[in-house]
Amino acid sequence: MALYLLFESASGYALFHAYGIDEIGQSVDAVRASVLDLQRFGKAVKLAGFSPFSSAVDALNQCNAISEGIMTDELRNFLELNLPKVKEGKKAKFSVGVMEPKVGSHISEATGIPCQSNEFVQELLRGVRLHFDQFIDQLKKSDLEKAQLGLGHSYSRAKVKFNVNRVDNMVIQAIFLLDTLDKDINSFSMRVREWYSWHFPELVKIVNDNYLYAKIAKFVVNKSDLAEKDIPALADLIGDEDKAKEIVEAAKASMGQDLSPVDLINVQQFAQRVMNLSEYRKKLYEYLVTKMNDIAPNLTSLIGEVVGARLISHAGSLSNLAKCPASTLQILGAEKALFRALKTRGNTPKYGLIFHSSFIGRASARNKGRMARYLANKCSIASRIDCYSELSTSIFGQKLREQVEERLDFYDKGVAPRKNLDVMKAAIEGITNAVSEDGDGNDKSDVSAKKSRKKKSKAEADGEAMDVDKPAAGEDEPQTEKKKKKKKHKLEEPQDEEMATEAADGGVKQDETPKKKKKKNREASEDVEPKTGTEGKKKKKKKSKTEDNDV
């Protein structure tokens, strides 16, 4: 059987005829040895056909189709043109060797051409790839390299393309920046407190919030300028008029030292920077919330935006987190403690990053490990749903959160939780209802109105059809009179005569009469049987009385 080799290059499709395999040997080792020698390999393989790609876009489309195991129309036309034709009803006397088994199976299903993909064929195609520029005269090696480079870039760019709204890298960068901002704002706020306390030390005890302290430091600047007229403005800043009065009273009797105007300006500017950082931190948190709801809605609704983002950033991506088992996710973030425990043969950690979840804090000390294990299980399920589901919904996350709440109640109060199967069924029903509502695109009232309109139109159409099928009024009257006479006749005549007349008339009533007769006969037999039983009892009683009298 002849063997043809299909080679997909960056410049086009090529078909080779392996006609001299006996010269290099039919074993894999023999082919490997002859691949490097062009003279020896050229005696075994020759070019049978070549079809170049029309453009770079066409090359990319063909490459994508081959990678997915799909045979395009261009490839089918190329094979039918260059392969020997097979007569109808006869098997092909050749086979085509391909590199990808999926492509071979698709070709054999669509065209009936037998294909094979084994180690021997792959070694032959490796030799073809190595000496491909030598088989085609007009193709230069530099041109082939340029085509391979361009196709490689475009193919990689197409594979890297993703949904812009579901980029987990943005979440990773946002949570890193959020943690950094928290540390920086905390340290800067402490620096503002320490710096301004040289001038107004009493303010630290009155105002505890760092952001409010920076705002008041920027507003007051010099404590000696504070007066009772500034109380309304201070009350607007703080939101408490009593504290504003307390600040004014403390400024009058403050023990702090006076600062020069230059020092006060620097303190004011630094307080403004801290305020700007705090405001930016709030905006960044809102951005993180929206991105987490887009990327991992179920994980977000289950465990929260910040903890979910930290899990994703620690794992590297949402897909890596979805691949992690629940036991790994449970101690994610506590790797040092784990390896230290394994080294010292101590107790391994019970939780990592999920310790920051509110569920672990609400559980009792003896149930924290159980709660962490159960929560890690649910987080693993939620991350896999978010990663591999095309439908963006948070229904599963809400149901999983309800399960965790029920497990907390079970540990504290002993209330039995629902079964996982029932919860998942309820979640799937909720998703199907939501999809059906979105698919309709209309309210239920509109749908019901449309249905009623359809019913009315159908009823009108049926009514018109019935009017057409009805006979004339003159023809209908004698039929009704005959039916009335038959009914009266049936009521007046006895059962035997009624049976005879109905059998003579025929029609559908012949099938109905035997049933009626059977029913009536059964009723009659049921009525007769108890009578006979009572009469027999009376006769027995009379006989016994006569026997007593004789005695």
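User: How do strand S2 and S3 pair, and over how many bridges?

Analyst: Strand S2, residues 12-18, runs antiparallel to S3, and the two are joined by seven bridges; strands here are DSSP runs of E with at least two residues, helices are runs of H or I with at least four, and both are numbered from the N terminus. Two strands count as paired if DSSP finds at least two bridges between them. Within this pairing, Phe16 has Leu47 of S3 as its bridge partner.

User: Before we go on, what kind of model is this?

Analyst: This is a predicted model, in which local features need pLDDT of at least 70 and side-chain atom pairs count only at pLDDT 80 or more, while totals for chains, interfaces and linings use all residues. Residues are numbered from 1 along each chain as its sequence is written, and side-chain values use heavy atoms, with hydrogens and water left out.

User: Back to the strands: what is the order in the sheet?

Analyst: The sheet is open and has five strands in the order S3-S2-S1-S4-S5, with mixed pairing. Strand S3 (45-52) and strand S5 (115-116) are at the edges with a single partner strand each, so one side of each has no neighbour in the sheet.

User: New topic, where does Ser254 lie?

Analyst: Ser254 is in the loop between helix H14 (241-252) and helix H15 (261-295).

User: Is Ser254 buried or exposed?

Analyst: Ser254 is buried, at a relative accessible area of 16%, because buried means under 20%, with exposed being over 50% and partly exposed in between (1.4 Å probe, protein chains only).

User: And which side chains does the Ser254 side chain make a polar contact with?

Analyst: The Ser254 side chain has polar contacts with the side chains of Glu202, at 2.8 Å, and Lys223, at 3.0 Å. Such a contact is a pair of N or O atoms within 3.5 Å; within protein, one must be able to donate a hydrogen and the other to accept it, and residues adjacent in sequence count only if both atoms are side-chain atoms.

User: Which residues touch the most other members in the largest nonpolar core?

Analyst: Those are Ile303 and Leu375, in a core of 47 residues, where a core is a set of buried Ala, Val, Leu, Ile, Met, Phe, Trp, Tyr and Cys residues joined through side-chain atoms within 4.5 Å. Helix H22 (residues 368-388) gives the most to this core, with eight residues.
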